[in-house]
Amino acid sequence: MSDFDQVIEEWEGTDLSLLETLDHVLNRGLVIAGEITISVADIDLIFVGLNVLVSSVETAHEVLKNRHPE
Amino acid sequence: MSALAFYVYCIAESAATAELPPDSLPAAIEDDSKLEWISVNTLAALVSRVPRESYSEETLAEHLTDATWTAIRAMRHETVVEYVAKRTSVVPLRFGTIYLEREGMQQMLVGRSRELEDIIDHLRGREEWGVNVYCDRAVLLSSITSVSPVLRDLVQRAEQASPGQSYLMLKKIETLKVDEARTAVNRIVEQIEEKLKVQTDDARRLRILKVETTEHGELKAKFAFLVKRSAFEEFRDAAERLAQEHQAAGVRLELTGPWPVYNFVSM
C-alpha cells in the first residue's frame, strides 16, 4: 500500500475533516519544551505541502465514493 | 533494536489513567509501538516510543516536508488525544513533542505541575467547538441592496432620476455594492462572535490558513469557543439562530467539534 492510499484509508476510518484536523494538531495545542519540537517556521512550510495533499485526498475520496455509492 | 525516544500526546491527571488502560486506547503514531502512561505524582503524560533515527532534529524536519508522512501521524495523534479528551480533562500537546529520555519528561511534569494542574482544572467539563463562517458572494451581492440602507436609498433615487443620471447612479451602485458587501460581512462576523461569546467561557479568532472556497462559499472567519458540556445545547441553538438570521445574506455557519481544547492551553 502506498503512503497516499494509507492516508485515505486512515482518514476514512474517522469522521474528521482532514484539513481541520491537521490545522488543530499542527498549529495549536500546548507547546512545551521537548528535547525536540517542531518550530513555528517549519509548520508554515509543512502546510504548503499538506494543502496539496488534502486536495488530492479529497478528490480521491470523492472518486471512491462515486464508485461505491452507499 | 534501535534507540528510542518518547513522543508525548497529552497530559492528564494520574487519577484518571486507571480508567484508560493503554490496551483500550487507539493506535500509537508509529506501528509496532504502544501507548503508555508515565505518571509523576498527580500528573501523567501519555506517550509512545518512537525510533530516534526518525525523530531526531534533522530527520524529523525532513520527514515533515513529506505531506503523507505527516498527515498519517497527525491523524493518529488527533485520534489518540480525542479519545482521551472525551473521557477526562487533558492538556493536548502540539504534534511533535519528543523527549529523548524518560527523565527529561518526568522533570517537565514536575517542573510545570502547577501550570498544568491549573489548565486541567480550568478545562474540566469543557470542550472546544469550532465555528467557520462562509459567505456566498453571489447571494450576498444580490441581497446587499436590502441589507444596506445607503444602497436602498440610492436605488430608489436612480429609479426616479432621468435616464442619463440614472445610468451614472447605477454604475455607482455597482461599485458601492462591492464595498457594502465587504462591510456587511465584517459586521455579520463580528455579530456572530459577540453573540456566541456570551454562550461560552472563552473564544479565539483563528487565522485562516488558505482561502477556502467550498459549496458554502468562501471561508470568511474561523473561531474556536470553549464550551461547557452542560451548555452545549444552548450554544448550538444560538449558532442555529445566527445561521438562520444571516442565511439571506449568503452566510453559512459550520460547527466543528468537539475538539480537545487545543486553542485554550497556552501557559
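The mean pLDDT of chain A is 76, and 84% of its residues reach 70 or more. Here pLDDT is the predictor's confidence in each residue, on a scale from 0 to 100. The model is predicted: local features need pLDDT of at least 70, side-chain atom pairs count only at pLDDT 80 or more, and totals for chains, interfaces and linings use all residues. Residues are numbered from 1 along each chain as its sequence is written, while chains are lettered from A and ligands numbered from 1 in the order in which they are written.

Chain A holds three helices and one strand. Helices (H or I, at least four residues) and strands (E, at least two) are DSSP runs, numbered from the N terminus. Along the sequence, their pattern in chain A is α-α-β-α. Of the 70 residues of chain A, 30% count as buried. A residue is buried if 20 or more other C-beta atoms lie within 10 Å of its own, exposed if 12 or fewer, and partly exposed in between; the C-beta atoms are placed from the backbone.

The contact between the chains takes 35 residues from chain A and 40 residues from chain B. Two residues are in contact if their C-beta atoms, placed from the backbone, lie within 7 Å. On the side of chain B that touches chain A, two or more residues come from each of helix H2 (57-64), H3, S4, H4 and strand S9 (251-259) of chain B. H3(B) gives the largest share, 11 residues. By class, this side of chain B has 24 nonpolar, 11 polar and five charged residues. Ala, Val, Leu, Ile, Met, Phe, Trp, Tyr, Cys and Pro count as nonpolar, Asp, Glu, Lys and Arg as charged, and the others, Gly among them, as polar.

Strands also link the chains. Strand S1 (residues 36-37) of chain A runs antiparallel to S4(B), and two bridges join them. Strands pair if DSSP finds at least two bridges between them. Ile36(A) has Ile98(B) as its bridge partner in S4(B).

In soluble globular proteins, nonpolar side chains tend to be buried together. The largest nonpolar core here has 40 residues, and those with the most contacts inside it are Val8(B), Cys10(B), Ile11(B) and Val91(B). A nonpolar core is a set of buried Ala, Val, Leu, Ile, Met, Phe, Trp, Tyr and Cys residues joined through C-beta atoms within 7 Å. Several elements of chain B supply at least two residues each, including strand S1 (4-13), strand S3 (43-51) and helix H3 (67-87). S1(B) gives the most, with eight residues. The core lies between domain 1 (4-124) and domain 2 (127-142 + 182-264) of chain B, because both give residues to it. The domain bounds come from an automatic or database domain assignment. Not counting residues up to four places away in sequence, Ile11(B) touches Leu43(B), Ala44(B), Ala45(B), Val90(B), Val91(B) and Leu116(B). Another core lies apart, with 22 residues, among them Val133(B), Leu151(B), Phe225(B) and Ala249(B).

The peptide bond from Gly257(B) to Pro258(B) is cis, with omega near 0 degrees. Pro258(B) lies in strand S9 of chain B. Asp32(B) is not a glycine, although its phi is positive, about 60 degrees. Asp32(B) sits in the loop between S1 and strand S2 (35-40) of chain B.
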